[in-house]
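Here's a quick walk through the contacts in this model, from charged pairs to packed rings. Have the structure open and follow along.

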Amino acid sequence: MLVAVGVLRASGVLDQVLDVVRLAVSGLGLDGRWVDALPVAIVRPLSGSGSRGLVIETMKTLGPDSFAGRLACIIQGSTETTFYVLAVYFGSVGIKNTRHAIACGLTAELAGFVGAVAVAYLFFGFNVLSLGFAFGPVLGGVFAGDEVAAASFRLPIFIAGGLSLVASAWCFL
């Protein structure tokens, strides 16, 4: 998976696709900082190690304190490797007809991604409507010492993961 993403990135196709998405988002008048973390969201349902490699690449390219680096970490913590889970768990008990499990899993992935983007803007710099506020330093000030960085990621991941769980439960109703 990492090789395929590396080939797409080296050929320039991935950057062109991201530029088109960024152009469409900016055409709507929205902030496009989340687009840099989009490859992580695309690869995450397919491969955990591939998405982890993309998180590391995002952090090396844009920095660990960048918005995209933080968003990539939240995506990594709030979504699941849907196809791997379905293959392993359904395969282990011999289920061949998955019915709506794939659609529900991908719906939960989408909810986790949208929740991760919303929570990242809320905690690390909401700039969609040029309001320019962030709750990260306020919430981080509650904690002391080295726990500030770790604690500032726990709540966003918990909230985005909860949205993914709610979407998943809604699919099965």
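Let's start with Asp-36, which counts as partly exposed because its relative accessibility is 27%. Keep in mind that this is a predicted model.

What does Asp-36 form a salt bridge with? The partner is Arg-22, and the closest N and O atoms are 2.5 Å apart. Asp-36 sits in the loop between H2 and H3 while Arg-22 belongs to helix H2, so this pair ties together parts that are 14 residues apart in sequence. Arg-22 has a relative accessibility of 26%, so it is partly exposed too.

Arg-22 has another partner: its side chain also meets that of Asp-19 in a salt bridge, at 2.9 Å from N to O. This one is local, as both residues lie in helix H2, 3 residues apart, or about one turn of the helix. Asp-19, at 45% relative accessibility, is again partly exposed.

Elsewhere, Arg-70 pairs with Asp-65 in a salt bridge whose closest N and O atoms are 3.7 Å apart; the cut-off for such a contact is 4 Å. Asp-65 is exposed, with a relative accessible area of 62%, and Arg-70 is partly exposed at 22%. Shared partners join Asp-19, Arg-22 and Asp-36 into one network. The count for the structure comes to 4 salt bridges, including these:

| Salt bridge | N to O distance |
|---|---|
| Arg-22 and Asp-19 | 2.9 Å |
| Asp-36 and Arg-22 | 2.5 Å |
| Arg-70 and Asp-65 | 3.7 Å |

Now for the rings. A search of the whole structure turns up 3 aromatic pairs. In one of them, the ring centres of Phe-67 and Tyr-121 are 4.6 Å apart with planes at 40 degrees, so the pair is tilted.

Phe-123 is buried with a relative accessible area of 6%, and Phe-124 is buried with 13%.

The charged end of Arg-33 sits over the ring of Phe-67, 4.4 Å from its centre. Phe-67 also turns up in the largest nonpolar core, which has 27 residues. Which members of that core touch the most other members? They are Trp-34, Phe-67, Leu-71, Ile-75 and Phe-113. Helix H2 (13-27), H3, H4, H5 and H7 each supply at least two residues of this core, and H7 gives the largest share, 8 residues. As general background, nonpolar side chains tend to be buried together in soluble globular proteins.

Met-1, Leu-46, Phe-83, Ile-102 and Leu-106 make a nonpolar surface patch of about 400 Å². Where is Leu-46 found? Look in the loop between helix H3 (38-43) and helix H4 (48-62). Leu-46 has a relative accessibility of 44%, so it counts as partly exposed.

Technical notes. Residues numbered from 1 in each chain as written. Predicted model: local features only at pLDDT ≥ 70, side-chain atom pairs only at ≥ 80, totals over all residues. Heavy atoms only, no water. Patch = residues over 30% accessible without salt bridge, like charges linked within 9 Å, V, L, I, M, F, W, Y side chains within 5 Å. Areas by Shrake-Rupley, 256 points an atom, 1.4 Å probe, with all protein chains shown as cover. Helix = DSSP H or I, 4+ residues; strand = E, 2+ residues; numbered from the N terminus. Buried < 20%, exposed > 50% of the residue type's maximum accessible area, 1.4 Å probe, protein only. Phe/Tyr/Trp six-rings, centres within 6.5 Å; stacked < 30°, edge-to-face > 60°. Lys NZ or Arg CZ within 6 Å of the ring centre and 35° of its normal. Core = buried A, V, L, I, M, F, W, Y, C linked by side-chain atoms within 4.5 Å.
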